[in-house]
Amino acid sequence: MKRSLYFILTISTLILWSSCRKDFDFESSDGTLTFSKDTVYLDTVFTNIGSSTYNLKVYNRSNKDISIPTLRLGQGQASNYRLNVDGMAGKEFKNVELLAKDSMYIFIETTFDIQSVVTSNNQFLYTDVIEFDSGSNFQKVDLVTLVKDAVFIYPNRDANGIVETLTFDVDGDGVDDETSVQGRFLADDELNFSNKKPYVIYGYAAVGANKTLTIDAGARVHFHANSGLLITNNASLKVNGQLSPDQKTLTNEVIFESDRLEPLFDNIPGQWGTIWLFQGSKENDINFATIKNATIGILAENNPNPIIPKLTIKNSKIYHSSNFGILGRATSITAENLVINNAGQSSFAGTYGGSYNFTHCTIANYWSNSFRQFPALYLNNFLIREDESTVTNALTAANFNNCIIYGNNNPEFLLEEEEGAAFNFKFTNCLIKFKDSNNKYTSDPNYNFDNTTLYANVVFNEDPNFKDPKKNELIIGEKSAAINVIGNNPFSNQVPFDILNVSRTVSPDLGAYQHIIFED
């Protein structure tokens, strides 16, 4: 009985309180709103490509519930910005309510066509404002976006909306094969990428037989997700970057990266596919390039013993590949002053045999995004088919001269040999991270470090003293175990300048960089 009476009294009290409570009384805003920022910078976007979504937080710090009479873009309906206020999309809003001591988010996006403005420049600073109220209560927040013009390369669609796929000789039998790779072949007038405008590629931009894609110094090539370059049979790629005086802007280098320009995406791996040097492509040259944020930086297949290597890469850097920095399959690669770091598997993998010659290269792997199964450097002479059978192919050469092979795992190089094909390798004047703590490799002759035909003047497990490998700063300091004591002059004379054009002929250091003195 007492419990029932208590329940009735409680409900009665709530009803009486509710009946006496007034609805929220909203007063017009008085110009005292505060904001999380006074300018919203929407990071650089390409023309006609929508931006990411940015936010602005609006605070009512008063003790009054307020109504904002008008909230609008300064350019009104003509604005190229878009707003979402309290779940409502639009460009102009009226009587926006905001409770006392409360806040709300405004979400902002933009898409802009640079051709809609009269400008001789390839980029345009587009601005607008978000206006709150008017008259003496007027407040505003600026909006700023840098819009870049670009050359867009994308596959066509047929009448049914089906995206074009590439057809070319996949198996080398002289007959074109249909593939599921979305993309198209570059026309003859598209085979020179200049530095006048950036290039944005959707799908794979392919280079046809007996054609050459030439990329000029200073060019910028951006790839959408699942996109890349494909160099087909008898085709070639020539990347003609040059040394950049300013190592921050890299004005003269050729840069391959994602089409996401926001800083948040700057170091995210796996945003696009690969530079695919397909079987039969030939005499591919890459000089002074940066390749970043790919799934595989460079995938080179077949042509293991040509007179001229399938790929010659010099003075270049490959960072943040979700799988491999360079993956070679029964191919031939010559590398000088090459820096690779932060790959989800191996920074360099030479698989199914081939021929590889690396001189003054820094092959590092400080991947920290997830568990890494493979070392920085991996070599084998076989592949495993779908039926789990093993096929071997000769590793005719794998020479690493004056190189640093290091990382945050142990060991950072792995050799896997199958009988039935040659397995030729040699490390000369290298600094390598390899600790066989469990004596796992003691009986394997490939790890006999006293065998000078395989290991000549190699230093193990000493500190390379990289400046900051997590930030891809792999230049070495004065405390490095790789400085001026074990570099071999024949190899340094072969590559007389480091990746920054510093002479190394007198006191050569290992790796791609001559050492510096770090500032505190």
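In which sense do strand β26 and β28 pair, and over how many bridges? Please keep in mind, as we go through this together, that the model is predicted. Strand β26, which covers residues 294-301, pairs with β28 in the parallel sense, and the two are linked over five bridges. To place that pairing on the chain, you can look for Ile298, whose bridge partner in β28 is Ile326.

Let me stay with β28 and go through its other partners. Strand β27, residues 311-321, also pairs with β28 in the parallel sense, here over nine bridges, and Thr312 has Thr334 in β28 as its bridge partner. Strand β29, residues 348-359, runs parallel to β28 and is joined to it by ten bridges, with Ser332 standing opposite Ser355 in β29. Strand β30, residues 362-365, is parallel to β28 as well, joined by two bridges, and there Ile340 has Ile363 as its bridge partner.

Now, is β28 mostly covered or mostly open? It is mostly covered, since 19 of its 20 residues are buried. In general, nonpolar side chains in soluble globular proteins tend to be buried together.

That brings me to the largest nonpolar core, which has 79 residues, and in which Phe256, Phe348, Phe358, Phe400 and Phe427 have the most contacts. Strand β28, residues 324-343, gives this core its largest share, seven residues. If we take Phe400 and leave aside its neighbours within four places in sequence, its contacts include Phe348, Phe358, Ile363 and Phe427. Apart from this core lies another one, of 28 residues, among them Tyr54, Tyr81, Leu98 and Phe132.

Notes
Residues are numbered from 1 along each chain as its sequence is written. This is a predicted model: local features need pLDDT of at least 70, side-chain atom pairs count only at pLDDT 80 or more; totals for chains, interfaces and linings use all residues. Side-chain values use heavy atoms; hydrogens and water are left out. A nonpolar core is a set of buried Ala, Val, Leu, Ile, Met, Phe, Trp, Tyr and Cys residues joined through side-chain atoms within 4.5 Å. Buried means under 20% relative accessible area, exposed over 50%, partly exposed in between (1.4 Å probe, protein chains only). Helices (H or I, at least four residues) and strands (E, at least two) are DSSP runs, numbered from the N terminus. Contact means heavy atoms within 4.5 Å. Two strands pair if DSSP finds at least two bridges between them.
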